Structure formats: structure tokens, C-alpha cells
Amino acid sequence: MRNAIRYLFLATVVAALTAFGSGLAAAAIIRPTVPAVQAISPGAGETVGIAAPVRVQFAQPVENRTRAEQSVSIRAGTELAGSFSWQSDRELTWTPEGFLPASTPISVSAGTARTEFNTNAGVTAEGNMSNHTFTVSIGGVPVRTIPASFGKPGWETPTGTFPVLEKFRSIVFDSRTIGIPLNSPEGYLIDGEYAERLTWSGVFVHSAPWSVDSQGYANVSHGCINLPPADAAWYYENVSVGDPVYLHW
């Protein structure tokens, strides 16, 4: 009788543990999955600069960001080092550590999505705000030093390294976009040309025929990098989205 009771007790414990284990397995199965990838940029076959970030757009909001990041791989033969940030619950950005290798195919996989883009020869620019110069190098070799004007006191150009975000053959510069009313003494509404966006807050490299006399001598802009028209056109033709611009004093 005592053995029968002991057997019944052990059988009950085993059944309980089995049920508990099954519950854990079920819980593991229902953990959030990574949504399908809607788009990857740069797109297939594009040629971009060596500081270009990779953006992954998911079809649905991502619940498990760690798993989503683990599903992304950026390679140039071997895995490339970089860091992740989230612009929204659907958009993940990977930023390279340092620069991407120049003149190289870069493959991207995100979940089941695959693409490949290319880097250019490595077009970099250095804006020296103390010397009022903008020096462009290709493949590490300086090819053109351009007289420039940067942000004046109170409207200083930011320092750091900024990848080119967008290019515009023509653009309207409106002071209201940076918080200056048109009726202010500092207000402006100007048709611009040969412009490259460096920040979403409104810093551009661009042609500035109105400040040619100051370029190379004084900083007179509202934060943008002003270049002579011919040099601005040359830079526009040679620069790619993702090319880095290093700005310093």
C-alpha cells in the first residue's frame, strides 16, 4: 500500500513537470517574430558614398528590436562593423563604423530580403572654417581646394562628420525652415543651385554667387557651406549621397 501511494505521488509530480515544460515550450513558440522587410536602401545596383548608412523598412511595427537587428547582415566579403538605431517602430538604420571600403560591392541581408549596392572611389570633403576652405579628395588624394564661407557668429556651421543625405540641382532656400521669418532682417527666400544636404535641420553645401567676395576670407552664411558657382557645380557632379563631409575649425 505504501509503495502504491509513493508511485502515485511520483506519477503526479512527473505529470506536473511535463505540463510545466510544455507550457514553457508553448511560450517560446509564441514570442514575437520579425515582420517582413518592405524596403532596403541603398537599393540594388546603386552607387553611394563610403559613409552611407543602410536603412531597413519593415512592413509592420517591430516588437522585438533585438531580433530584428540580429536578422540584418552587411558584408563586403566579411561582416562589416556598425551600429543600429531606430527612426521609428518600422525603420532601422545601420551606420558603418568608420567608412565602408571604397569601390566595393556591399551585400545586405535582412531576414529573407537580399540586395547589393556599390561604393564609389571614396569622395571625401574637409571644410576648414578657420581657413575658409573646402578641400575635396578622391581615394584619399586631394584634388580640389575651394574657397568657402561658413556660418557667421550666431549661426555657426556645426562641426563633425556628416554624410551627404540628398542632392538637388536646384532648390529654394527659405529662412522660415530654420526659424527665421521672411520679414526679419536675417530672412531670405533664394533660388539655389548645386546643393547637397548635410543635416535634416537645414545645413547644405551649395552654390552661393551672392557671397563670392567673402568666400575664402570670411564666414557670412546662416550655417551652410557657400561655394563659388563653378566649384559648386563640379562638386555636385562628383559627389554621391553617402559621401562624408568633415567640418572643423
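The model is predicted, so to speak of local features a pLDDT of at least 70 is needed, side-chain atom pairs count only at pLDDT 80 or more, and totals for chains, interfaces and linings use all residues. Residues are numbered from 1 along each chain as its sequence is written, and side-chain values use heavy atoms, with hydrogens and water left out.

I start with the sheet. Five strands make an open sheet in the order β2-β9-β8-β4-β5, with mixed pairing. At its edges stand β2 and β5 (78-79), each with a single partner strand, so one side of each has no neighbour in the sheet. Strands here are DSSP runs of E with at least two residues, helices are runs of H or I with at least four, and both are numbered from the N terminus. Two strands pair if DSSP finds at least two bridges between them.

Now the neighbours, one by one. Strand β2 (residues 47-48) runs parallel to β9, joined by two bridges, and T47 has N118 as its bridge partner in β9. β8 and β9 form a hairpin with two residues between them, and G111 in the turn has a positive phi of about 65 degrees. Further along, β4 (residues 72-76) pairs with β5 in the antiparallel sense over two bridges, with A76 opposite T78.

Which residues of β9 lie on its covered face? They are A113, T115, F117 and T119, while R114, E116 and N118 make up the uncovered face. In a regular strand, side chains alternate between the two faces of the sheet.

Next, strand β7 (residues 91-96). Four bridges join it to β3 (residues 54-58), antiparallel, and V54 has W94 as its bridge partner. Five bridges join β7 to β6 (residues 82-86), also running antiparallel, with G82 partnered by P96. A hairpin of four residues connects β6 to β7.

Two loop positions come next. S221 sits in the loop between β16 (204-207) and β17 (225-227). Is S221 buried or exposed? S221 counts as buried, because its relative accessibility is 5%; buried means under 20% relative accessible area, exposed over 50%, and partly exposed in between, with a 1.4 Å probe and protein chains only. A polar atom of the S221 side chain lies 3.0 Å from the backbone nitrogen of G223. Leaving out residues up to four places away in sequence, S221 touches S149, F150, G151, K152, W155 and N226, where contact means heavy atoms within 4.5 Å.

P228 lies in the loop between β17 and α3 (229-238), and counts as buried because its relative accessibility is 13%. P228 and S211 are 17 residues apart in sequence, and their C-alpha atoms are 8.2 Å apart.

Last, the surface. L182 lies in the loop between β14 (166-174) and β15 (189-197), and counts as partly exposed because its relative accessibility is 36%. Together with V172 and L189, L182 forms a nonpolar surface patch of about 260 Å² accessible area. Patch residues have over 30% relative accessible area and no salt bridge; like charges are joined within 9 Å, and nonpolar side chains (Val, Leu, Ile, Met, Phe, Trp, Tyr) within 5 Å. A salt bridge is a Lys or Arg side-chain nitrogen within 4 Å of a carboxyl oxygen of Asp or Glu. Accessible areas come from the Shrake-Rupley method with a 1.4 Å probe, and for residues only the protein chains shown count as cover.

Note on methods
A polar contact is a pair of N or O atoms within 3.5 Å; within protein, one must be able to donate a hydrogen and the other to accept it, and residues adjacent in sequence count only if both atoms are side-chain atoms.
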